[in-house]
Protein chains: 10
Amino acid sequence: MLKGVSPLISPELLKALMEMGHSDEIVFADGNFPAASHAQRLIRADGHGVPELLEAVLKLFPLDQYVDKPVALMQVTPGDPTETPIWGVYGDIIHKQAGLASPFEEVERFAFYERAKKAYAIVATGEGALYANLILKKGVIPAG
Amino acid sequence: MLKGVSPLISPELLKALMEMGHSDEIVFADGNFPAASHAQRLIRADGHGVPELLEAVLKLFPLDQYVDKPVALMQVTPGDPTETPIWGVYGDIIHKQAGLASPFEEVERFAFYERAKKAYAIVATGEGALYANLILKKGVIPAG
Amino acid sequence: MLKGVSPLISPELLKALMEMGHSDEIVFADGNFPAASHAQRLIRADGHGVPELLEAVLKLFPLDQYVDKPVALMQVTPGDPTETPIWGVYGDIIHKQAGLASPFEEVERFAFYERAKKAYAIVATGEGALYANLILKKGVIPAG
Amino acid sequence: MLKGVSPLISPELLKALMEMGHSDEIVFADGNFPAASHAQRLIRADGHGVPELLEAVLKLFPLDQYVDKPVALMQVTPGDPTETPIWGVYGDIIHKQAGLASPFEEVERFAFYERAKKAYAIVATGEGALYANLILKKGVIPAG
Amino acid sequence: MLKGVSPLISPELLKALMEMGHSDEIVFADGNFPAASHAQRLIRADGHGVPELLEAVLKLFPLDQYVDKPVALMQVTPGDPTETPIWGVYGDIIHKQAGLASPFEEVERFAFYERAKKAYAIVATGEGALYANLILKKGVIPAG
Amino acid sequence: MLKGVSPLISPELLKALMEMGHSDEIVFADGNFPAASHAQRLIRADGHGVPELLEAVLKLFPLDQYVDKPVALMQVTPGDPTETPIWGVYGDIIHKQAGLASPFEEVERFAFYERAKKAYAIVATGEGALYANLILKKGVIPAG
Amino acid sequence: MLKGVSPLISPELLKALMEMGHSDEIVFADGNFPAASHAQRLIRADGHGVPELLEAVLKLFPLDQYVDKPVALMQVTPGDPTETPIWGVYGDIIHKQAGLASPFEEVERFAFYERAKKAYAIVATGEGALYANLILKKGVIPAG
Amino acid sequence: MLKGVSPLISPELLKALMEMGHSDEIVFADGNFPAASHAQRLIRADGHGVPELLEAVLKLFPLDQYVDKPVALMQVTPGDPTETPIWGVYGDIIHKQAGLASPFEEVERFAFYERAKKAYAIVATGEGALYANLILKKGVIPAG
Amino acid sequence: MLKGVSPLISPELLKALMEMGHSDEIVFADGNFPAASHAQRLIRADGHGVPELLEAVLKLFPLDQYVDKPVALMQVTPGDPTETPIWGVYGDIIHKQAGLASPFEEVERFAFYERAKKAYAIVATGEGALYANLILKKGVIPAG
Amino acid sequence: MLKGVSPLISPELLKALMEMGHSDEIVFADGNFPAASHAQRLIRADGHGVPELLEAVLKLFPLDQYVDKPVALMQVTPGDPTETPIWGVYGDIIHKQAGLASPFEEVERFAFYERAKKAYAIVATGEGALYANLILKKGVIPAG
């Protein structure tokens with residue numbers, strides 16, 4: 001434990017977040033995502049939802065200021081009636097913490113898998129909602 | 001040993017089954033399959049048949065609900081008179097446990113090898129029946 | 001994820017629980033315990049409290065039937081006025097799930113450290129309560 | 001698989017049996033034995049009983065001809081009423097295969113644990129019987 | 001050492017032979033073959049000739065029954081006057097042990113190198129004869 | 001880089017600081033300390049002085065509240081006329097950040113070496129001052 | 001520490017500089033560069049600026065005498081108004097130490113990433129200036 | 001293979017022989033010796049007898065000139081009627097190659113085991129003779 | 001050290017030379033060659049010139065008898081006035097030891113780099129001469 | 001290669017010298033010393049004598065100023081008539097470079113072995129002189 005760091009964040013996750021640079025991506029995978037088979041670096045966060053992790057992580061780094069859509073969602077498969085109310089939750093957190101009104105790019109399921117394979121890390125959460133996967137692109141941190 | 005988990009399942013197999021996500025595949029290879037040369041993760045189950053392992057595994061996860069044929073069999077080589085009564089045994093178990101009447105896709109021998117190479121794990125069983133190899137595609141587990 | 005296994009339990013923790021045998025011990029360490037420096041096998045469970053993990057684990061194995069006190073607590077340092085209401089929570093869970101009325105042995109702080117070093121694994125939780133560390137001794141599972 | 005080798009025996013077990021020399025010991029641990037925490041080399045044989053493994057192994061090497069009791073059992077804890085009918089099964093197999101009428105040394109539980117720690121390997125079986133652990137001491141194989 | 005296994009066969013070779021499945025290949029390389037640079041798994045058998053190893057190995061598994069030529073030889077380079085009397089020795093051993101009269105496929109030197117790279121293992125022997133390299137394709141072992 | 005974390009702190013150091021628990025120790029070694037030969041975990045911070053690292057680290061965790069002297073210095077060897085003005089710098093930083101007026105225990109040189117061997121990590125700084133080594137004992141962080 | 005070597009240079013960096021040969025490249029990455037995801041060998045130099053590292057390194061090896069532009073900079077993205085005064089600082093150091101007046105090649109951002117992936121090492125500095133990344137190509141050292 | 005080096009000697013054995021210095025010991029273990037459980041470095045020489053290896057090795061280094069008995073044998077267990085004609089073979093080889101008439105020290109069986117554990121390497125031969133184990137102590141090689 | 005082996009040759013180099021087979025290549029790289037970045041196996045020989053290593057190595061194996069030019073040199077870059085008197089030294093050694101009058105193939109600099117990447121090993125010497133890199137192709141050693 | 005560093009010094013040796021701190025020891029072992037069996041870190045310098053290495057190393061660090069005898073030699077075994085003229089060579093180099101007139105402590109052979117085991121590194125040279133082993137204790141480097 002450290003002062004000022006959320007207890008949701010493991011030492012390994014904190015290290016990965018710090019090692020990432022401008023334009024590196026991290027995936028927050030829901031409980032059904034094939035994380036272990038797609039990750040270059042797999043970080044477990046069993047039993048946690050994505051919203052609370054998102055909130056903790058956005059306190060630690062900004063989203064990429066050089067692209068229009070620094071956050072990617074997995075598109076609902078055409079024909080699948082599943083609703084995705086959790087996207088609204090994500091939008092509120094990002095708006096509040098990063099000031100972005102419309103940060104989302106929707107990525108087709110198998111393209112999302114390919115992009116996840118190239119990410120710096122995949123965080124395997126226990127998020128129960130469907131289509132709840134999220135990719136964040138890290139931004140530039142100005143010199144203190 | 002754990003309460004409620006079949007003693008046929010090794011700790012390593014249990015961990016692999018849990019790490020798999022939606023659409024990851026696992027191969028149950030018969031005793032003659034070239035498992036060690038094709039596996040990304042090799043899990044030994046020497047001396048056990050495939051039916052009892054199949055039965056134990058289907059208690060732990062559902063088959064992929066997003067595809068028509070979530071189970072693959074190795075096609076009998078054209079000209080080979082071998083019979084495959086064990087396929088009926090597999091069908092009964094899957095029907096009973098997963099409620100699927102017609103889950104099987106038949107895959108040509110060398111295409112089956114290629115697909116096995118991409119699977120999350122290969123379980124090397126001691127199954128003595130021929131053409132007894134099986135690929136399962138894991139499904140989505142709804143939030144409890 | 002697996003059917004019937006709590007999402008709080010990571011694949012690595014599940015594997016360790018299964019590998020343990022009669023009389024092996026596992027430590028559930030609170031957020032301030034020096035877990036990384038004392039563990040033979042370190043398993044992270046950041047952000048989770050001990051009570052919910054205890055409840056999940058006791059569904060998977062029995063406590064040691066061959067000793068009187070199969071659970072150890074870290075004794076409050078003499079002179080420290082800290083209260084330990086969480087011990088009552090532990091007692092209720094163990095009573096409900098394992099039927100034991102008085103399972104606790106209190107172990108002096110530095111003796112507890114030595115015992116933790118010999119345990120099969122230490123689970124580093126995010127439990128915020130003080131003196132909330134717990135050692136469980138696994139029991140015999142009768143043949144199914 | 002190999003011609004003439006029991007399918008119960010994994011490649012790793014076969015290699016260990018061959019690497020052992022005169023006076024090296026191997027433990028066949030029942031399903032409740034703390035095998036993972038005591039083994040220098042851990043070999044899994046989940047789901048198998050000890051008698052069938054014993055029968056297969058005694059075809060591959062002789063017991064130590066230089067000691068009186070080349071086989072050790074774990075003594076029943078004083079006061080424990082458990083019966084050990086499986087010891088008779090072991091005796092019959094050893095008598096039939098190795099021609100020894102009285103091969104058993106009984107070793108107190110915690111002394112057995114210490115001896116298991118020094119063994120060349122521990123085979124973690126799924127044997128459900130209690131007090132079913134067995135240590136074999138390998139003998140000299142005369143030049144063919 | 002094990003009863004019934006040739007002392008020429010090392011524990012590592014025995015394990016590899018057992019791990020191989022139907023259609024996996026193993027190379028027995030003569031003393032001049034670039035074995036270390038081409039092997040996925042390198043197994044040393046310094047000081048031994050190929051014929052005695054071949055004889056020992058054919059007692060442990062059958063050759064592939066699904067192809068016409070389950071054994072490959074390295075073709076003599078056009079223009080090279082070297083004789084290969086050892087091929088006759090190989091033919092006699094294979095005929096005696098596997099009942100095959102004409103098992104050999106001749107493979108051009110550099111194609112042989114490429115095929116050796118894909119084999120499950122290369123056994124680096126001390127065979128002094130030239131063009132004495134051999135590839136065996138493992139067959140199906142019927143259930144006992 | 002992360003928002004709110006000093007750029008002096010490497011990802012590896014941040015991870016180690018977070019993994020440490022109550023009573024774990026970390027050594028900040030000056031440029032002449034035999035850090036590589038004494039460290040269980042060696043973390044390089046070449047080119048940095050100890051005061052700026054101390055200041056950054058004390059923002060991340062409290063010193064041990066359960067001992068009187070949570071900070072150790074290496075005692076000047078008797079007879080050595082070296083002055084240690086840097087100790088005053090350390091005292092000021094600790095007073096300002098941790099509110100402790102008299103936190104230092106002086107440890108004889110070779111006893112300091114032994115204690116450093118048991119520390120969770122040694123940070124090899126480039127501090128040019130002599131007798132500038134420092135050991136910090138981490139305290140308890142109250143639940144947020 | 002060694003006599004005559006800048007304390008800014010870690011043992012690992014010194015070793016890498018020495019292992020490099022004619023035409024090998026090393027990247028000095030600013031604090032926002034995605035160093036960990038692009039490096040074949042990652043060397044941390046947290047908290048240090050690039051100019052002081054450049055000055056120390058140019059004392060240890062010459063730039064490539066066989067190419068016109070032995071130093072590469074990351075081009076400012078078209079449309080980005082950021083100024084790069086640090087390039088002048090780099091120019092002065094290189095002019096003073098290596099006698100080159102015009103050593104810089106500007107490389108487009110994504111091409112720079114690709115080239116960094118092939119470099120012998122990436123040094124992750126804490127440089128706060130933007131577009132401050134630098135690639136050096138090592139030259140020939142004449143026999144002493 | 002190398003010119004002038006016996007094909008019995010594997011690359012790994014040759015490297016070990018060269019790495020050894022004055023007073024280092026190497027064990028040539030017969031086929032029944034518990035080599036894998038006692039060796040710091042295990043080198044396989046399956047299928048070879050000790051005499052031919054001894055002959056090859058004595059061409060590569062001298063025996064220790066600083067002790068009276070640079071070769072150790074395992075003493076026959078009191079009461080065991082086994083004869084050891086192979087000791088005469090060893091004596092002849094050592095006399096011919098090293099000019100020593102009486103080089104042997106006899107070491108009690110369990111003391112021999114302890115000494116073997118400290119040796120630089122154990123060579124696991126296939127020697128079929130009993131009590132055929134041998135320890136060689138390497139001597140000083142004068143500058144060429 | 002071993003009798004009859006040049007003290008210039010390290011145990012690791014001797015092992016590599018022995019592991020190589022017919023047609024495997026080894027690079028002797030001068031002090032400026034980018035050896036560490038191109039080698040599959042890097043063997044250090046700091047402080048030694050290539051001629052003395054060449055002389056020692058040619059005592060251990062023959063050059064490839066199946067190709068016309070079993071030795072490759074790095075071509076002088078067009079326009080570079082550097083002389084290469086060391087090539088004459090190499091020629092004399094090879095003529096004396098291998099009886100070849102005209103063994104050299106000249107390879108363009110970047111093609112030489114590509115070929116070095118595929119070699120079995122690169123020996124990083126301290127040779128001070130320019131364009132002094134050498135590739136040897138190992139020949140067939142006839143059975144003793 | 002680096003400007004100003006002797007080509008006798010390998011990258012690995014340079015790194016070790018830099019990692020060492022005040023009071024760490026390094027052994028320069030002659031060609032007959034059992035270096036590989038005694039070293040915590042083994043660094044090869046085959047084919048080089050100790051005097052030239054000593055000269056190069058003393059340019060990089062001072063000897064320990066806190067002890068009377070910062071250099072240890074291996075005492076000639078009583079009764080051995082060997083002369084040690086190389087000690088005079090060592091004395092001259094140390095006097096010239098470090099200004100010490102009488103730096104040597106003589107250590108009995110087996111005590112020397114024990115001390116070598118605790119050294120930070122052993123450099124295995126090809127020094128042909130007998131009793132030519134040397135231990136250096138590193139001193140304090142004042143801040144530049």
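Predicted model: local features only at pLDDT ≥ 70, side-chain atom pairs only at ≥ 80, totals over all residues.
1. A salt bridge here is a side-chain nitrogen of Lys or Arg within 4 Å of a carboxyl oxygen of Asp or Glu. By that rule, the count between chain A and chain F is zero.

2. Residues are numbered from 1 along each chain as its sequence is written, chains are lettered from A and ligands numbered from 1 in the order in which they are written, and side-chain values use heavy atoms, with hydrogens and water left out.

3. Chain A with chain F: extent. Contact (heavy atoms within 4.5 Å) involves 21 residues of chain A and 21 residues of chain F. The buried area is about 1,900 Å², and carbon and sulfur atoms give 74% of that. Buried area is the accessible area (1.4 Å probe) that two parts lose on being put together, summed over both.

4. Chain A with chain F: make-up. Eight residue pairs are in polar contact, both residues at pLDDT 80 or more. A polar contact is a pair of N or O atoms within 3.5 Å; within protein, one must be able to donate a hydrogen and the other to accept it, and residues adjacent in sequence count only if both atoms are side-chain atoms. Helix H1 (residues 11-19) of chain A gives the most to the side of chain A that touches chain F, with seven residues. Helices are DSSP runs of H or I, at least four residues, and strands are runs of E, at least two, numbered from the N terminus. By class, that side of chain A has 14 nonpolar residues, one polar and six charged. Ala, Val, Leu, Ile, Met, Phe, Trp, Tyr, Cys and Pro count as nonpolar, Asp, Glu, Lys and Arg as charged, and the others, Gly among them, as polar.

5. Chain A with chain F: symmetry. A rotation of 180° with 0.0 Å of shift along its axis superposes chain A on chain F, RMSD 0.0 Å. That is the relation of a two-fold axis. Copies are superposed by least squares on the C-alpha atoms of residues with pLDDT of at least 70 in both. Of the residues of chain A, Lys15(A) comes closest to the rotation axis, its C-alpha at 2.9 Å.

6. Chain A with chain C. This contact takes 12 residues from each of chain A and chain C. The area buried is about 950 Å², of which carbon and sulfur atoms give 59%. Met1(A), Asp46(A) and His48(A) lose the most area on the chain A side, together 42% of what that side buries. Five residue pairs are in polar contact (both at pLDDT 80 or more). The side of chain A that touches chain C has five nonpolar, five polar and two charged residues.

7. Chain A with chain C: symmetry. Chain A is superposed on chain C by a rotation of 180° with 0.0 Å of shift along its axis, RMSD 0.0 Å. The C-alpha of Ala45(A) is the nearest to that axis in chain A, 3.8 Å from it.

8. Pairs without contact. Chain A and chain H do not touch, and their nearest C-alpha atoms are 34 Å apart.

9. One residue inside chain G. Met74(G) lies in strand S3 (residues 71-74). Met74(G) is buried, with a relative accessible area of 5%; buried means under 20%, exposed over 50%, partly exposed in between (1.4 Å probe, protein chains only).
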